[in-house]
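Here's a quick briefing to keep beside the model while you look around. It covers the cavities and then one stretch of sheet.

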Amino acid sequence: MRSYHLVPDTAAGTVVRERPVPAPGAGEVLVRMRAASLGFRDALVGEGDYPLPVSPGVVAGCEGAGDVVAVGAGTARVKPGDRVALTVFPDWLDGPFDVEHAAQLGTTRDGTLTEYTVVPESALVPVPDHLSHAEAAALPLTAVTAWNALTGGRRVLPGETVVATGTGGVALAVVQLAALAGAHVIVTTGDPGKAERLRALGAHAVVDRRGDWPAEVRTLTAGRGAALVVDVAGALGESVRAAAIGGEVAYVGYRVADAPTGPPVDVRALFDAGVRIRPLAVGSRAQFLELTRALAVHGVRPVLDRAFAFDELAEAYARHRSGQAFGKVVVTFPTGDRPAPTSDAEFHGNLTGELADH
């Protein structure tokens, strides 16, 4: 089988290696990967700008879905033929995040950009029937993060205002899920051309983030501000200004390299605002299960941008890093059995055969 491994000192950041297909041990499951997706987190890992440890040579990628092909002794939750998605933090089953949950796919444990992988059965979530493998691969990081932002702290009530900053994968999932919950959704963007697509996803208002967007949010909410601001860009001071008294800012992330030069947060303004700041990273398996149940009941699908073949990872990364993608960039895997390569030329050549119909 082929896998993409993280090698930071190479131009592409990854190299392809051939390895034997692993066998599942007790309580483990062998999954044939069908699709993986890319996100901002992958760019940070590749640039050496990620806050958690990264093991050189680990299989890259943290989001993916596939089919169970074999199970080890003592497994009970899944069986061969089941369609499953992988959790980003395999040890985080429920409850608050702790250091004991820090092992993560694609950084300290082998990730999803591989033809086969072995994971604990507890790290798998069933794929809803209405979703393709490619759509399921878009869920584990961005959609679970969005679900955690909306439900893990101050749970949003129907009619309340939610602001999503930006139009990345997490923000788009926030728009969809918050609208599903009956919230009044405002989204910020620096590209007015995306406004209609954002409204089609459920946004009630689109605000230009290049202006004084917190003031615009207050205007749109009759001066009250938003019950929840999901901040995925690190503009914490602006998010606090946009939040209502007693509201919450779900602080999803920022670029580590930008943190020392970013604008300081006015602590007096923070106190006077009466706003709760809740940093968060992805979510537990229990939250992933809640998300998939909601998607299944309402027939909601994640937003996909483009799909690339397994041997087009460089092009997939380029598409994601271009800033032009609207939705998740996905990598699909070959469906037919591939014989072992007979030469280095064959190994490094393009994959042939039928790709999954996503």
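What volume does the largest cavity have? It comes to about 120 Å³. Before going further, note that this is a predicted model, where local features need pLDDT of at least 70 and side-chain atom pairs count only at pLDDT 80 or more, while totals for chains, interfaces and linings use all residues. Residues are numbered from 1 along each chain as its sequence is written, and side-chain values use heavy atoms, with hydrogens and water left out.

**Cavities**

- The structure has three cavities of 30 Å³ or more; a cavity here is a set of points, on a 1 Å grid over the protein atoms alone, where a 1.4 Å probe fits but cannot get out.
- For volumes, grid points are joined across faces, edges and corners, and the space filled by probe spheres set on the points is taken.
- Lining the largest cavity are 16 residues (lining means having an atom within 4 Å of a point), and Ala143, Ala173, Gln176, Pro302 and Val303 lie nearest its centre.
- Helix 3 (139-151) and helix 4 (169-180) each put at least two residues into that lining, with helix 4 giving the most, at five residues. Helices (H or I, at least four residues) and strands (E, at least two) are DSSP runs, numbered from the N terminus.
- By class, the lining of the largest cavity has 10 nonpolar, four polar and two charged residues (Ala, Val, Leu, Ile, Met, Phe, Trp, Tyr, Cys and Pro count as nonpolar, Asp, Glu, Lys and Arg as charged, and the others, Gly among them, as polar).
- The second largest cavity has a volume of about 40 Å³, and its lining includes Phe89, Trp92, Arg285 and Phe288.

**Around strand 12**

- Strand 12 (residues 243-251) is mostly covered, with seven of its nine residues buried (under 20% relative accessible area, 1.4 Å probe, protein chains only).
- Strand 11 (residues 226-231) pairs with strand 12 in the parallel sense over five bridges; pairing takes at least two DSSP bridges between the strands.
- Strand 12 also pairs with strand 13 (residues 276-279), again in the parallel sense, over four bridges.
- Tyr251 is the bridge partner of Asp231 and stands opposite Pro279 in strand 13.
- Strand 11, helix 7 (residues 236-242) and strand 12 form a right-handed β-α-β unit: with the strands pointing away from the viewer, the path from the first strand over the helix to the second runs clockwise.

Technical notes: Buried < 20%, exposed > 50% of the residue type's maximum accessible area, 1.4 Å probe, protein only. 1 Å grid on protein atoms, 1.4 Å probe; cavity = no way out; pocket = protein on both sides within 12 Å on 5 of 7 lines; lining within 4 Å.
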